[in-house]
Amino acid sequence: MPAAEMDDFRRSYARLCKEGGAEPQESVLKHLQETAGTSRMDFATHSLSVDTCGALGRLLQDEVQFTEIVLSDCMLSEEGAKLLLHGLCTNTVVRSLDLKGNNLRAVGAEALGKLLRQNKSIRSLTLEWNNLGIWEESFALFCEGLGANCTLQRLDLRNNQINHQGAGELSMALKNNSSLQELDLRWNNIGLLGGRALLNCLHSNRVLRQLELAGNNIPSDILKAMDQAMEHNQERQNILSKSRNMTRVLSKEVLSLKEEKTKQFLDLMDTIDRQREEIARSSRVSASRVEQLQEALTERHSVLNSLKAKLQMTEAALALSEQKVHSLGELLSTAKEEQARLMESHAKELQQFMKDSADREAKLQHDLSAAKDRNLQLRNEVDELERKSKGQQEQLFQVKEDLAHTTAELKLRAARAEERLEMEKKRFKQGLEDAESLRLKEVDQMTCHLEATERSLQERIQRLETIRIGLEEELSQAKAAAVVERGRVEEELIKAKNQARLEEQQRLEHLEEKLRLMAQSRDEAQNYCLQQKQAVAEALGKESQMSMQVEGLKRRVEELQQELSGKEQEKVAEVNKVRVELQEQIGRLEAERTAQEGLREKIAALERQLKVLSSNHREALLDKDGEIASLLEKLRVREAEISRMREEEAQRASFLQNAIMTYIQGSPLSSFIPKK
């Protein structure tokens with residue numbers, strides 16, 4: 001017991017004594033101080049008062065760490081012993097109790113019986129040199145407590161004045177007791193009857209291994225029979241202990257085997273679960289990767305389709321631009337032809353006008369020469385008009401030369417524009433052919449690497465072919481419509497030309513009428529000249545407008561060429577990008593395919609390991625089952641041997657009893673035995 005707890009114990013003892021109105025014993029306090037640090041409370045040869053016993057009993061009711069209490073030769077009174085034993089009834093720590101030489105009698109025996117009934121921890125009880133057997137009723141209560149006890153293993157009752165009646169009570173208690181192994185009854189007054197009672201109880205008590213009966217006036221044959229019974233009990237206890245040990249060992253082995261099996265099975269199930277989880281996780285990851293790759297492939301296919309659609313749109317735009325260029329060229333040619341025709345018609349009209357004016361001038365000269373006398377003033381005016389007409393003729397000739405120069409320049413520019421258009425067409429066609437060849441090569445490579453995608457692409461190409469055929473049909477229809485429109489436009493041009501001719505004829509007629517009336521009215525001639533100037537200015541404006549339109553068309557052609565070159569560059573860049581992305585996707589797919597093959601190999605290896613482990617587990621289970629069966633068979637054999645030994649012991653005991661009875665009946669003491 002630690003020193004701190006011992007100090008608390010001492011202080012509690014002193015406090016309880018003072019509360020009871022008594023002073024604590026100095027010897028007890030000194031002894032408690034000396035025994036600090038031990039689990040033994042030894043008050044041997046110390047006289048303890050009633051108050052001290054009451055205080056100790058109250059303290060021992062708690063879980064005080066004393067496993068051995070020695071109170072031998074303490075001259076305990078009946079009341080003090082009762083108080084002390086009452087406190088020990090609820091104690092669960094004390095294993096050994098020594099009450100030797102305390103002259104315990106009736107009250108002490110009753111208190112001890114109560115202690116044995118209630119206490120479940122005391123293994124050894126020493127009651128030597130007391131007087132427990134004097135009062136038969138009190139000793140009977142003690143024996144009843146002993147019969148109800150199931151923990152006491154050693155009991156010392158030497159020199160306790162126990163007679164044959166007390167021995168009978170003890171024999172009844174021993175029949176009910178199943179824990180007492182050592183009993184010391186030396187130096188009492190048991191006698192023959194007590195010895196027989198104890199011998200009879202040994203037939204039902206198989207636990208008692210040591211019984212000391214010296215100094216009790218018991219015959220030697222009964223002592224020998226008791227010794228034999230003790231030997232049989234010892235052998236039986238040894239066999240039972242061995243069998244218990246064997247059963248304990250076997251049960252431990254069986255439990256260990258079961259635990260090992262359960263552990264192995266649980267480990268196997270854990271490994272299987274982990275492998276299943278890993279397989280499921282890998283399958284989920286692979287499925288997600290495959291889905292991602294499929295989504296990427298679909299996106300790439302959509303990108304390719306969009307690129308193809310863009311190509312088709314660019315081709316359609318190029319076709320439309322070619323049609324527009326062709327139509328613009330035709331319009332230019334028609335405009336040039338119309339301009340040439342207009343120039344020719346203007347030249348013819350001017351020549352005719354000059355001829356008519358010359359004839360009219362001649363006529364006027366004749367008229368003027370005839371009318372010189374009449375009006376000199378008119379002649380001068382006519383001369384002035386002639387001079388003006390000559391100036392106008394010179395201006396007309398200058399205008400004709402300018403028109404010729406401008407027409408020549410326009411022809412040169414148109415020829416150069418046509419050459420540039422042809423060169424651009426050739427270059428664009430060459431670029432389209434190169435792009436088509438590159439696209440075909442890329443398609444060949446993609447078909448070599450991706451067989452699965454080739455089918456879908458072929459189907460899509462077929463669809464695109466059908467679409468292209470439909471577009472060609474639409475183009476042919478559009479061309480036919482354009483031809484029809486062109487014929488209609490030509491008819492309209494012819495109609496316009498005819499109308500212009502009619503208008504020119506009307507103008508000529510009008511001019512002729514004006515020239516005829518020139519002699520009559522100079523104002524009309526001046527107005528006519530002004531109209532001619534206005535017509536020339538309008539022709540010059542039309543010419544400038546035509547040149548501006550030609551320049552706008554050239555700029556439009558250049559912009560279209562730039563757009564086409566930009567679209568070609570974008571198309572080449574997108575094709576290269578798609579090619580790189582497809583190569584990366586192919587590499588990823590190959591890597592994932594290799595990873596999936598590795599996972600499949602791992603799964604196969606794990607399945608093989610599982611099969612091997614399951615076979616080994618089954619073999620181990622079969623081996624363990626065989627071992628368990630063999631152990632069970634050994635247990636059955638042992639039980640059979642034990643039952644046979646029990647039967648033999650019972651037969652020996654019956655033979656011994658019969659021999660004793662025959663011996664007693666044959667001896668001179670048979671007359672003292674009461675007949676049944």
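What should the 13 residues of helix α6 span at 1.5 Å a residue, and how far apart are its end C-alpha atoms?

The model is predicted. Helix α6 runs over residues 136–148. At 1.5 Å a residue, its 13 residues should span 18 Å. The end C-alpha atoms are 18 Å apart, so the two values agree.

Several residues of α6 are buried: S138, F139, A140, F142, C143, G145, L146 and G147. Their cover includes helix α5 (106–118), strand β5 (154–156) and helix α7 (164–176).

## α6 against α7

Two packed helices are described by the angle between their axes and the distance between the axes. For α6 and α7, the axes come within 8 Å and cross at roughly 15°. Angles under 35 degrees count as roughly parallel, so α6 is roughly parallel to α7. The crossing is right-handed.

On the α6 side, the contact uses E136, F139, A140, C143, L146 and G147. They meet Q165, G166, E169, L170, A173 and N176 of α7. By class, this contact has six nonpolar, four polar and two charged residues.

An α-helix has 3.6 residues a turn, so residues three or four places apart point the same way.

## Helix α3: an enclosed element

Is α3 enclosed by the rest of the structure or open? Eight of its eleven residues are buried, so α3 is largely enclosed. The buried residues are T52, C53, G54, A55, L56, G57, L59 and L60. They pack against helix α1, helix α2 (26–34), strand β1 (40–42), strand β2 (68–70) and helix α4 (78–88).

## α1 against α3

Helix α1 covers residues 3–19 and helix α3 covers residues 50–60. Their axes come within 9 Å and cross at roughly 130°. That angle makes α1 oblique to α3. The crossing is right-handed.

From α1, the contact takes F9, S12, Y13, L16, C17 and E19. From α3, it takes T52, A55, L56, R58 and L59. By class, there are seven nonpolar, two polar and two charged residues. Of the α3 contact residues, T52, A55, L56 and L59 are also listed as buried.

Another is N217, with phi near 55°.

Their surroundings can be set side by side. N159 sits in the loop between β5 and α7. Its relative accessible area is 17%, so N159 is buried. N217 sits in the loop between β7 (210–212) and α9 (220–370). At 68% relative accessibility, N217 counts as exposed.

L589 is found in helix α12, residues 522–666. Its relative accessible area is 25%, so L589 is partly exposed. L589 and D356 are 233 residues apart along the chain, and their C-alpha atoms are separated by 94 Å.

A573 also lies in helix α12. At 44% relative accessibility, A573 counts as partly exposed. Between A573 and H346 there are 227 residues of sequence separation and 57 Å in space, C-alpha to C-alpha.

Note on methods:
Residues numbered from 1 in each chain as written. Predicted model: local features only at pLDDT ≥ 70, side-chain atom pairs only at ≥ 80, totals over all residues. Heavy atoms only, no water. Axes fitted to C-alpha atoms, helices over the stretch in contact; angles between N-to-C directions. Helix = DSSP H or I, 4+ residues; strand = E, 2+ residues; numbered from the N terminus. Parallel < 35°, antiparallel > 145°, perpendicular 65-115°, else oblique. Left-handed = near helix turned anticlockwise from the far one by under 90°. Contact = heavy atoms within 4.5 Å. Nonpolar A, V, L, I, M, F, W, Y, C, P; charged D, E, K, R; others polar. Expected span 1.5 Å × (residues − 1). Buried < 20%, exposed > 50% of the residue type's maximum accessible area, 1.4 Å probe, protein only.
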